[in-house]
Amino acid sequence: MRRMFAFALLILAAANLSAQTNLNGAGATFPNPIYSKWFSDFHNAHSDVQINYQPIGSGGGIRQLQSGTVDFGASDMPLNDDQLKEMGKPIIQFPTVMGSVVPAYNLSGATAEIKFTPEALAGIFLGRITKWNDKALTDANPGLSLPDEPIVVVHRSDGSGTTFVWTDYLSKVSPEWKANVGSNTSVKWPTGVGGKGNEGVAGLIKQQPGSIGYVELVYALQNNIPFGPVKNAAGSFVKASLQSTNAAATSVTNMPEDFRISITNAGGKSSYPISSFTYLLIPTKWQDQTKKTAIVSFLNWMLDQGQSMVEQLNYAPLPKQVLQKERAKIKEIQ
């Protein structure tokens, strides 16, 4: 009798396993902390749906979605017209949260946090500013003794939406950067060493004295890496935070119907200038209707319960007007 009962349990377990819907995605590392929490919590509330996500960088996520090896992608850079055509299938780009990219550094000689002007950041990453006591840095930090030490630049080595946000900002504030380097998920870096993912860049900064790199805010906080305020378009030095990222969002007075927008270098005295939306790339047509039902369920959950979780991980929730437009857009998924 016990054997029959055990056998029945095995059959039931197998049936439940076969009834589970698996969704596979890949892409940006920028939102990975909140995506990990969302996918876990959604599974706890919907045990029949398992969402698996690989944080391989925005470029990798775009390529895997294009090749059909994943059900959805994720990118901090909205796809342009050419990329959408290359995708070979209609895609909706859903903003999920807002975050900030920060100049994080490792400089033991600094007695207070370092302020950065747009000119200084562009000069450092162009390789023109090579010492921590360069006039471009000392002028912005009166009273702060900066050492006569070399600057070690750290950047992403993989295709990265975080890189797009960083280079999009530099392209807006530096004509030289725009002309010689430009903005993309991957660029030809004038100087520096590369690390894979936000985790890799954060790790290199911690290991290398005198270094500076760019990481998403949550990675700087999790790794206890100092990061400085950045002078914004209004002339104010603003440090990345939930409040200053939300302030950048107020610059969005009219969200486009396709959600493709850049909010770097946003106006407003309290806006952090290197802020961005991040996106899930969702096909509009699904052959597997079970998967389609699961992804629609998740997207609606994300806009309702999910948004209440983002601040605890130092992301900013979506503005109300964006939430309303996304709920309407979800209905286009077939």
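**Exercise 1. A residue in a loop**

Which residues does Asp158 touch, not counting residues up to four places away in sequence? State also where Asp158 is found and whether Asp158 is buried or exposed.

Solution. The model is predicted, and each step below refers to that model.

Step 1. Locate the residue. Asp158 is found in the loop between β5 (152–156) and α7.

Step 2. List its contacts. With residues up to four places away in sequence left out, Asp158 touches Ile56, Gly57, Thr185, Ser186, Gly195, Lys196 and Gly197.

Step 3. Classify it. Buried means under 20% relative accessible area. Asp158 has 12% relative accessibility and therefore counts as buried.

Step 4. Compare sequence and space. Asp158 and Ser275 are 117 residues apart in sequence, and their C-alpha atoms are 20 Å apart in space.

**Exercise 2. The span of a helix**

Work out what the 14 residues of helix α2 should span at 1.5 Å a residue, and check the result against the end C-alpha atoms. Then find which residues of α2 are buried and what they pack against.

Solution.

Step 1. Helix α2 covers residues 32–45. The expected span is 1.5 Å times one less than the number of residues.

Step 2. For the 14 residues of α2 this gives 20 Å, and the end C-alpha atoms are 20 Å apart, so the two agree.

Step 3. The buried residues of α2 are Asn32, Pro33, Ile34, Tyr35, Trp38, Phe39 and Phe42.

Step 4. An α-helix has 3.6 residues a turn, so residues three or four places apart point the same way. Buried positions in α2 include Tyr35, Trp38 and Phe42.

Step 5. The buried residues of α2 pack against the strands β2 (49–54), β3 (72–75), β4 and β10, and against the helices α10 (217–222) and α12 (289–303).

**Exercise 3. The nonpolar core**

How many residues does the largest nonpolar core have, and which have the most contacts inside it?

Solution.

Step 1. The largest nonpolar core has 105 residues, and those with the most contacts inside it are Trp38, Phe298 and Leu299. Strand β4 (residues 91–106) gives the most to this core, with nine residues.

Step 2. In soluble globular proteins, nonpolar side chains tend to be buried together.

Step 3. Take Leu299 as an example. Not counting residues up to four places away in sequence, Leu299 touches Phe94, Leu280, Ile282, Ile330 and Ile333.

**Exercise 4. A covered helix**

How many of the eight residues of α11 are buried?

Solution.

Step 1. Six of the eight residues of α11 are buried, and the helix is mostly covered.

Step 2. These buried residues are Leu242, Ser244, Thr245, Ala247, Ala248 and Ala249.

Step 3. The buried residues of α11 pack against the strands β4, β9 (237–238) and β10.

**Exercise 5. The largest cavity**

Which residues line the largest cavity, and which element supplies the largest share of the lining?

Solution.

Step 1. Rolling a probe the size of a water molecule over the atoms shows where empty space is left.

Step 2. The count comes to one cavity of 30 Å³ or more. The largest cavity has a volume of about 50 Å³.

Step 3. The lining consists of Asp76, Pro78, Phe164, Val165, Asp168, Ile261, Ser262, Ile263, Thr264, Ser275 and Ser276.

Step 4. By type, the lining has five nonpolar, four polar and two charged residues.

Step 5. α7 (161–173) and β10 (275–283) each supply at least two residues of the lining. The largest share, three residues, comes from α7.

**Exercise 6. Positive phi**

Where are Phe259 and Asn314 found, and is each buried or partly exposed?

Solution.

Step 1. Phe259 is not a glycine, yet has a positive phi of about 70 degrees. Asn314, also not a glycine, has a positive phi of about 65 degrees.

Step 2. Phe259 is found in the loop between α11 (242–249) and β10. Asn314 is found in the loop between α12 and α13 (320–330).

Step 3. Phe259 has a relative accessible area of 1%, so it is buried. Asn314 has a relative accessible area of 28%, so it is partly exposed.

**Exercise 7. A strand residue and a helix residue**

Classify Thr21 and Gln66 as buried or partly exposed, and list their contacts.

Solution.

Step 1. Thr21 is found in strand β1 (residues 21–27). At 9% relative accessibility, Thr21 counts as buried.

Step 2. Leaving aside neighbours within four places in sequence, Thr21 is in contact with Asp48, Val49, Gln50, Thr290, Lys291 and Ala294.

Step 3. Gln66 lies in helix α3 (residues 58–67). Its relative accessible area is 36%, so Gln66 is partly exposed.

Step 4. With neighbours within four places in sequence left aside, Gln66 is in contact with Glu86 and Met87. Gln66 and Glu86 are 20 residues apart along the chain, and their C-alpha atoms are separated by 7.5 Å.

Key
Residues numbered from 1 in each chain as written. Predicted model: local features only at pLDDT ≥ 70, side-chain atom pairs only at ≥ 80, totals over all residues. Heavy atoms only, no water. 1 Å grid on protein atoms, 1.4 Å probe; cavity = no way out; pocket = protein on both sides within 12 Å on 5 of 7 lines; lining within 4 Å. Points joined across faces, edges and corners; volume = space filled by probe spheres on them. Helix = DSSP H or I, 4+ residues; strand = E, 2+ residues; numbered from the N terminus. Nonpolar A, V, L, I, M, F, W, Y, C, P; charged D, E, K, R; others polar. Core = buried A, V, L, I, M, F, W, Y, C linked by side-chain atoms within 4.5 Å. Buried < 20%, exposed > 50% of the residue type's maximum accessible area, 1.4 Å probe, protein only. Contact = heavy atoms within 4.5 Å.
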